[in-house]
Amino acid sequence: MPTISSAGAPLPKNDPHRHRQVAESFGSDAERYDRARPRYPDAMVGRIVAASPGPGVLDVGCGTGIAARQFRAAGCEVLGVEPDARMAGFARSGGIEVEVATFEDWDPAGREFDAVVAGTAWHWVDPVAGAAKAARVLRPGGRLAAFWHVFQLPPGVAEAFAEVYRRVVPDSPFVFQGAGNALEGYQALFTRAADGIREVGGFGEPEQWRFDWECSYTRESWLDQLPTSGALTRLPPDRLAEVLEGAGEAIDAMGGGFTMPYATVVVTAARTGAA
């Protein structure tokens with residue numbers, strides 16, 4: 001969950017794909033990750049499927065299979081690629097076929113797909129090498145679609161979390177801020193993905209698709225999700241507990257829960273000529 005503003009789960013400051021150790025830390029609690037991470041809007045899945053020439057989907061950084069299961073439910077044949085064997089194992093337990101590798105190093109063995117998707121994962125892939133690999137495996141007219149949730153925490157929760165995180169983890173490569181516009185914080189990430197697609201060639205002009213929705217959280221459900229953030233997965237238990245305590249106190253002060261607006265944003269382009 002990347003952001004550099006009030007969304008509450010930022011990426012490392014520069015070139016997140018170079019911080020591979022963070023990407024490969026989520027499997028430390030794959031069950032919690034799958035339980036707590038939000039799903040993607042059905043309208044988004046449907047639009048990607050409708051804009052693709054067929055049902056063959058490659059899910060890059062498929063994690064526990066959250067997006068893969070949604071695409072499978074929409075009638076797709078899904079293959080996942082995931083660098084963390086623990087996450088891959090969880091996805092397989094849900095019936096998703098997964099090959100363990102980073103996308104840059106993965107061998108497609110001559111296979112082609114109608115869509116290459118990445119749910120909250122493309123930032124861990126080199127944007128140019130990843131787009132080149134996608135161009136290589138997509139059929140003509142196939143679609144590359146990378147998508148992220150952007151969410152806006154209530155100011156009181158965002159500011160309390162930012163303060164306790166800076167105090168507990170002063171040397172973190174992640175940056176948290178309090179109140180701010182979450183979409184603005186993500187725009188550099190969207191631009192990086194689109195620029196990688198443009199640099200490779202072989203794709204039409206990248207587009208952004210946006211799907212707005214909201215989700216209500218109790219104190220318990222938000223604190224269940226929070227440790228799945230890349231900023232927290234590698235913290236020692238005592239420091240994690242301190243961060244969660246601060247976040248929990250802020251939610252208690254709001255009455256024990258909140259409703260949060262989400263925008264799921266897709267950066268996408270269709271395969272045209274040779275890369």
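Is Ala109 buried or exposed, and at what relative accessibility? In this predicted model, Ala109 counts as exposed, because its relative accessibility is 56% and the cut-off for that class is over 50%. This alanine sits in the loop that links β3 (97-100) to β4 (113-119). Its backbone is worth a look as well: phi of Ala109 is near 50°, a positive value in a residue other than glycine.

A positive phi is also found at Thr120, where the angle is about 50° although the residue is not a glycine. Thr120 belongs to the loop between β4 and α6. With a relative accessible area of 7%, Thr120 is buried, since buried means under 20%.

Two packed helices are described by the angle between their axes and the distance between the axes. For helix α6 (residues 127-137) and helix α8 (residues 182-200), the angle is about 55° and the axes lie 8 Å apart. The two helices are therefore oblique to each other, and the crossing of α6 and α8 is right-handed. On the α6 side, the contact is made by Pro127, Val128, Ala131, Ala132 and Ala135. Helix α8 contributes Arg192, Gly196, Ile197, Glu199 and Val200. Sorted by class, the residues in this contact of α6 with α8 are seven nonpolar, one polar and two charged.

Methods: Residues numbered from 1 in each chain as written. Predicted model: local features only at pLDDT ≥ 70, side-chain atom pairs only at ≥ 80, totals over all residues. Heavy atoms only, no water. Axes fitted to C-alpha atoms, helices over the stretch in contact; angles between N-to-C directions. Helix = DSSP H or I, 4+ residues; strand = E, 2+ residues; numbered from the N terminus. Parallel < 35°, antiparallel > 145°, perpendicular 65-115°, else oblique. Left-handed = near helix turned anticlockwise from the far one by under 90°. Contact = heavy atoms within 4.5 Å. Nonpolar A, V, L, I, M, F, W, Y, C, P; charged D, E, K, R; others polar. Buried < 20%, exposed > 50% of the residue type's maximum accessible area, 1.4 Å probe, protein only.
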